[in-house]
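Q: I would like to learn how to read strands, overall shape and chain contacts in a model like this one. Could you take me through them step by step?

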Amino acid sequence: MSNYIQGATGDWEIVIGLEVHAQVISQSKLFSGAATAFGSEPNTQVSLVDSAMPGMLPVINGECVRQAVRTGLALGATINLYSVFDRKNYFYADLPQGYQISQFKHPIVGEGDVVIDLDNEQSKVVGIERIHLEQDAGKSMHDQHPTMTYVDLNRSGVALMEIVSKPDMRSAEEAGAYLRKLRTIVRYIGSCDGNMEQGSMRADVNVSVRRPGEELGTRCEIKNVNSIRFVQQSIDYEARRQVDILEDGGQIDQETRLFDANSGVTRSMRSKEEAHDYRYFPDPDLLPLQLDQAFVDAQKESLPELPDAKKARFIKDLGITAYNASVLVAEQVSAAYFEDMLADLAKRTGKAEKDVATAASNWITGELFGALNKLGQSITDSPIAAGQAAELLALQLDGTISGRIAKDVFEIMLESGKGAEEIVEEKGLKQVSDTGAIEGFIDQVMTENAAKVEEYRGGKDKLFGFFVGQVMKKTQGKANPKVVNEMLKEKLDA
Amino acid sequence: MTELTALTLAEARDGLVAGDFSARELTQSYVTAMETATELNAYIVDTPEQAFSMADAADARLKDGTAKAMTGIPLAIKDLFCTRDVHSCSASHILNGFQPQYESTVTQNLWDDGAVMLGKVNMDEFAMGSSNETSYYGPVRNPWKASGSEKELVPGGSSGGSSAAVAAEIAVAATGTDTGGSIRQPAAFTGTVGLKPTYGRCSRWGIIAFASSLDQAGPITRTVRDAAIMLESMASFDPKDTTSVDCPVPNYEAALTGDIRGLKVGIPKEYHADGVPEDIEKIWKQGIEWLKDAGAEVVDISLPHTKYALPTYYIVAPAEASSNLARYDGVKYGLRVTGESLDDMYALTRAEGFGDEVKRRILIGTYVLSAGYYDAYYLKAQKVRSLIARDFANAYEKVDVILTPTAPSAAFALGEKSSDPLEMYLNDIFTVPASLAGLPGISVPAGLSQDGLPLGLQLIGRAFDEETVLKVGGVLESAAQFSAKPAKWWGAK
């Protein structure tokens, strides 16, 4: 496999496991009623519990539990009806309690899996080890004052799901695909917004290398990487670093490292010897969390169609390509756009959805995404609604306008915001399929280019395209190309 | 007017309702008494202005007929209850100057019923101690002295300020908290009644935590009836405390029927501990006789894991404390001693802010939770704790309530045990098992030692059966006819 790193002494396999911290979408924090909105003024979303005032007690937020359960179900994971909150004890200025409430021995979600799509149209299953709920810490700001550190507790106590994968990934690409897929899934079910740039998804990356087929090597953990690109860069760097050490006869020290995005390297943060002893023990302020099966079942019922199921349905029922299906399901809004457009298009053309699905999927992944890309917009704020798109494509499919004209109409739609039918009507862009009119244009062209007609008839077949072009030009592109082709052939060959 | 301070809570309530005196008059007599009793060091902070304004509000309620049993009753509040804008430091220097912006659920319940706050009372630092000698604010002196001796005695702990204030009649009653005996043992040392309710009966919200799975608030009062009245006000289900239990609060006073005929009282053989003075054994035997005389059936029982209770407690409680006290780091409130670095600031702040006993327990707790020791200590202790709870559960299949001594001795002298932590810890030997099992317990004054010091008997009940505990306590109280009061040696200057 090309995934191996070619070292001086042979091949090396990279082994990657990810711990993704995903901020739970909820109005309030995991154990307090304080709000969770991003970007608020420092220390404006802090309750007495979040600031660890004496005598304050945590109370579990049911919505966060529900979101974790839904996430577990979406990953096909076991939901543990009994789970326990533990205290992870360590001192830091932005950790007001002096401990983080987390789940250690008994997490809320057990084993599951994620199917990732790889570039070569293949897919692979990455195992999920567990998901547990925990509190986020606050934020230390070291750049506000020359000698002081400021602390913002807005994030203190916000619910995180720590989604722990098995060490199943073998390349930076796979890690990237895994993160993208995870992000797609949590966005589908609305349990996390997946915005890595805002810190609502962050990853701890565990990397080790080994000779193919051998035992796992010693791993290093790269903490808190906040973009997919950085995750991939850090893996590539770290794997190469480890290979270099091993090939020089050295040993990998188990340690925690940090990724420096500016220089693209990882640096040691603390060694195993310096690792904290977190002194986990069950939080005596909280009773064990007991869920009943009926609650879990209800959550399962309420899940939307998930990307894998949607993709399979698109391919099987609608006959679109696997590539198009993957692109469309990557974002729930794209898939919804496609389905809305498809329903409208089927109605307008009087055809079954599966007969127009390929055209619609090609149009979205080609025309629309191209245009949005140019505009720097996402499909969420597409200037062309699904119904408008269906109107345009219907005109093309029923032969009212040609594909060429359709592109122009789309341009005008983007500029003017007008509907396709209105534009076609206004500008007189309707395709001419009237054989009489077209015949007249053909005759004209043949008369004007008598010499070329002779050449063609003398065997220069390539000139056919020239005649088509000339006829289309005379009709200002409105002639139905199929009709033009047929008639031209008939007349030239006569 | 000074005799107003001699009234029990029930008597004061009745006098207020009858209009014999006003809440302001009652409060005034206490404020005056407090001024003459400063050498007891029971109060850390007096709050007379609040007291009078609360008393006036109580008088208004007494007039308009919205008064409750606690309306107009002047109380001492243990310093670890958070009281809005008032010193709430758990008698620790590390919370130096801390005044919360919130009110604990228990005190709020009392104020909602119209009670009056006289001030915040002394305690062992973070409730860690059995003699009230670990307070940053200095030891509390027991109002009682042994006959013919001038030696100053401890009031018990950790609720030593509470017990001393009630015994010295500088509060009608007081709030306390009990983690391993901190209500019951000081009550026994001061001739007062101390009731530790079932774990989960009173909300812990706003009570500065020591050991979360054990801490429980309760009253220290002059009589069993007073304890019943006050507990009814303190107890509530609180959604802010996940460990509080949603079960209705009964009319505890109504349980004091005096009729215990046919009730089965268990006498655990394991509480005949070595080295317990004869006085204690004698008063225990006397208690058994009194209950028999009242028609109860006495049953010998065994609580086989009792001997493991103290070591178990001294693993579980410090473990939780070591984590609960991590928040006192100099960053957010209270004391901060600045240093060269963040770690330096932590070390300096905590070194200066915590007293020796607190440090000792943080060290023990940190140790027993450490990697490699957790299973041998903390996990094992939790298992033993379950066995202790099972001992009680088995016993309650045969009996309705258990009678034991409260403490293995009468009040001892200041400084007598403070240099030997292990000897100090032995004070909790009879109270800790019920704490570990989360059961309600009451200490009722049963008589005097040969030296003329009060001795208490403890009743331990089924979970949420405070009614039986109070009922039997009432019978013991009536039989004991305990009417002795400490000779008033303070305030002479």
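Q: Which way do strand 4 and strand 15 of chain A run, and how many bridges join them?
A: In this predicted model, strand 4 of chain A runs antiparallel to strand 15 (residues 281-282) of chain A, and two bridges join them. One pairing to look for is that of R87(A), whose bridge partner in strand 15 of chain A is F281(A). Strand 4 is also joined by four bridges to strand 5 (residues 99-102) of chain A, again in an antiparallel arrangement, and there K88(A) stands opposite Q100(A).

Q: Are the residues on the faces of strand 4 of chain A buried or exposed?
A: In a regular strand, side chains alternate between the two faces of the sheet. In strand 4 (residues 86-89) of chain A, D86(A) and K88(A) lie on one side, R87(A) and N89(A) lie on the other, and all are buried, which leaves both faces covered.

Q: What does the radius of gyration say about chain A?
A: Chain A holds 15 helices and 16 strands. Its radius of gyration is 30 Å, well over the 23 Å that the globule rule gives for 494 residues, so chain A is more spread out than a compact globule. Along its principal axes, the C-alpha trace of chain A spans about 95 × 55 × 50 Å.

Key:
Residues numbered from 1 in each chain as written. Chains lettered and ligands numbered in written order. Predicted model: local features only at pLDDT ≥ 70, side-chain atom pairs only at ≥ 80, totals over all residues. Buried ≥ 20, exposed ≤ 12 C-beta atoms within 10 Å, placed from the backbone. Pairing = 2+ DSSP bridges. Rg over C-alpha atoms; globule rule 2.2 N^0.38 Å.
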